[in-house]
Amino acid sequence: MYRRVSILLRKHFVSVLILCASIVIPFSAVKAADPAKGKQIFQQNCASCHNVHKKLTGPALAGVEGRWADKKLLHQWIRNSASVLASGDKYANNLFNEYNKTAMTAFPALTEEEIDDILAYVKVEETKTAGPKTDAGPATAGAKEEGSDNSLLFGIITLILAVVALILMQINSNLNKLAGDKEGQPTPEPIPFYKNKAYIALAILVLFMVGGYFTIQGAIGLGRQKDYMPEQPIFYSHKVHAGINQINCLYCHAGAEKSKHAMIPSENICMNCHKAIKEYTGPELFTAEGKKVDGTAEIAKLYDYVGWDADKGKYTKPGRPIEWTKIHNLPDHVYFNHSQHVVAGKQQCQTCHGNITEMDEVHQFADLSMGWCINCHRTTKVQFADNNYYSIFEKLHQDIKDKKIDSVTVEMVGGTECQKCHY
Amino acid sequence: MKRTSNILIVAALATGAFLAACNKGEHNRKPGRIYVPDMYESRAYEFYSARLAGLKPVDGTVKRGELLPYHLKEADTAQANLVKNPLTITADDLKEGERLFNIYCGICHGTALDGNGPLYKGGDGPYSAAPANLIAGAKSGYSEGRLFHVMTYGYNMMGSYASQLDRAQRWKVAAYIKSKQPGAAQPAAAAAPAADSTTAK
């Protein structure tokens, strides 16, 4: 008998287990809240003001159940916070005042179970660490790509060969002298090379060319700042903002299509995002010298400049300007207008500023020389057809009609006239 | 052999000088030198000059061709709900509104206006607060006036965009959002022109 029961039990073990479970669960876990469902409800209703670990418009929710003495009151608060405030609950009123009297939206439609789901989700999230994710990206900064410039190598080889040739010439002349001595022909004492007129002339010529080259290069480079990469007061990485996070250039530099200047954004533009983004969790950052940069500390620098207290979520002191160092400088005698190039000319930012989305620290990409400007004006085509602005260029329109030219460049409409930029 | 060594010394010196001249480094922390700087630095008031940078225009200044100032305060949300769009919105304006939305708003609110832009990415992005869904839920019922008000002053975690978008641009964006919301009369604007850095990605 006992054996039969045990065999039966073994045979139907699984079904017995399910049976037991189905009896027990309704009793023991009436409120088996579902964190997954809670996450969904949380993201739809709560996430715009609350985060589990971070203070946003409303408080961080980690440990919220511990802070409210009465669970019923918490539920009532979530459904209709005004009624709890009206009841004079001390904790609720303190909370209300702490958050600048911003009333929490009422959610009368949430059921008890749904609120439990949310709280369960918060509890699950609580246990996950609030610290920055350590998904360190590949440490690429140290490894500078090997220059593919072979000219230096060729230069060294040429020098070595020249020295070898000189030595061989010396040996040759010495041997000649020895041979002459043996045959009894007295060879005239050779003139030392520094007195040899051919040598002197050659040396002067070489000096003139080399010296002239460097003098001219240096003179041309005066006032040009190509590759200028100053250290900025905050390590602001364009690669992180415009590259990884895909923020449009115009989001910050809104002036580029409205005015002469592209505009360095005011600090409130930084704070549009950095009120909520308090720590840096992306790939590791390095300065050009290979020093590691703590992104979170750089955000803290921003908070210090604008006078924002991240813990309180308030501006606690007057802000002061961030003194960014201007990189692209045109001399005063050159007129340049961003909006003209961006709106009418439809130029991309990268044409003149290089691959900004790959630059942690921005450097000047183009040399901003006149030759560089003119080259572009000579090759860039303007939108000539269907453009009333250029209707007065009758000859060019006629030439296009006669198929003498197929397109019109900036130069043809006066883009290389001196007064276009110098006046 | 003295002559040979002389030549070698001269050659070594020349190589050294050559290398020193070439080795300028990849990026310069210093801006370099300017010849006769009096034509480089402007004597007139310029945008970035130390004297004038950061000054605000005189109170009440209205730029030529700009819409008249908006006088409601941040707390006047009830009145803001009733404000009408002063522009006559054309199809081109909606297109411009879409372009501006994709640049300035889409990064958080998503180019689909669903509150899931690249900075939030359903909770995985760096931005920790869920941006408002503009086509469903409470925010989808906002009037154009209220949308303009929020863009002007910010709302909760969102900051003000008044420094980036002028008043006419904000009204265009508001009209575009309204055209996408349920119950909008206007047909949806055509897709944005070719993607370059001046339009949204």
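Student: At what angle do the axes of H3 and H8 of chain A cross?
Tutor: In this predicted model, the axes of helix H3 (residues 35-46) and helix H8 (residues 112-127) of chain A cross at roughly 100 degrees. They come within 7 Å.

Student: Roughly parallel or roughly perpendicular, then?
Tutor: H3(A) is roughly perpendicular to H8(A), because angles from 65 to 115 degrees are put in that class.

Student: Which residues make the contact?
Tutor: From H3(A) there are Pro35(A), Lys37(A), Gly38(A), Lys39(A), Ile41(A), Phe42(A) and Cys46(A). H8(A) brings Glu114(A), Asp117(A), Ile118(A), Ala120(A), Tyr121(A) and Val124(A).

Student: How many of those are nonpolar, polar and charged?
Tutor: The contact of H3(A) with H8(A) has eight nonpolar residues, one polar and four charged.

Student: Switching to cores. How many residues has the largest nonpolar core?
Tutor: It has 68 residues. Those with the most contacts inside the core are Tyr104(B), Tyr127(B), Met151(B), Val173(B), Ala174(B) and Ile177(B).

Student: Which elements each supply at least two residues of this core?
Tutor: In chain A they are H3, helix H5 (71-79), H8, H12 and H13. In chain B they are helix H3 (91-109), helix H4 (144-153) and helix H5 (167-180).

Student: And where does the largest share come from?
Tutor: From H3(B), which gives eight residues to this core.

Student: What part of the contacts in chain B with a separation of 6 or more comes from residues 24 or more positions apart?
Tutor: Such pairs account for 54% of those contacts.

Student: Which residues of chain A does the "transmembrane region" annotation cover?
Tutor: The UniProt annotation, from an unreviewed entry, covers residues 152-169 and 198-216 of chain A. In the model, residues 152-169 of chain A are 100% helix and 0% strand, with end C-alpha atoms 26 Å apart. Residues 198-216 of chain A are also 100% helix and 0% strand, and their end C-alpha atoms lie 27 Å apart.

Student: Back to H13(A). Which of its residues are buried?
Tutor: Ile269(A), Cys270(A), Met271(A), Asn272(A) and Cys273(A) are buried. Their cover includes H12, helix H14 (295-306) and strand E3 (308-309) of chain A.

Student: Where does Lys278(A) lie?
Tutor: In the loop between H13 and strand E1 (285-286) of chain A.

Student: Why does Lys278(A) count as partly exposed?
Tutor: Because 18 other C-beta atoms lie within 10 Å of Lys278(A), while a buried residue needs 20 or more and an exposed one has 12 or fewer.

Student: What is Lys278(A) in contact with, leaving aside neighbours within four places in sequence?
Tutor: Lys54(A), Ile299(A) and Ala310(A). The C-alpha atoms of Lys278(A) and Glu298(A) are separated by 10.0 Å, and these residues are 20 residues apart along the chain.

Definitions and conventions: Residues numbered from 1 in each chain as written. Chains lettered and ligands numbered in written order. Predicted model: local features only at pLDDT ≥ 70, side-chain atom pairs only at ≥ 80, totals over all residues. Helix = DSSP H or I, 4+ residues; strand = E, 2+ residues; numbered from the N terminus. Contact = placed C-beta atoms within 7 Å. Axes fitted to C-alpha atoms, helices over the stretch in contact; angles between N-to-C directions. Parallel < 35°, antiparallel > 145°, perpendicular 65-115°, else oblique. Nonpolar A, V, L, I, M, F, W, Y, C, P; charged D, E, K, R; others polar. UniProt positions renumbered as here; feature names shortened; annotations may be inferred. Core = buried A, V, L, I, M, F, W, Y, C linked by C-beta atoms within 7 Å.
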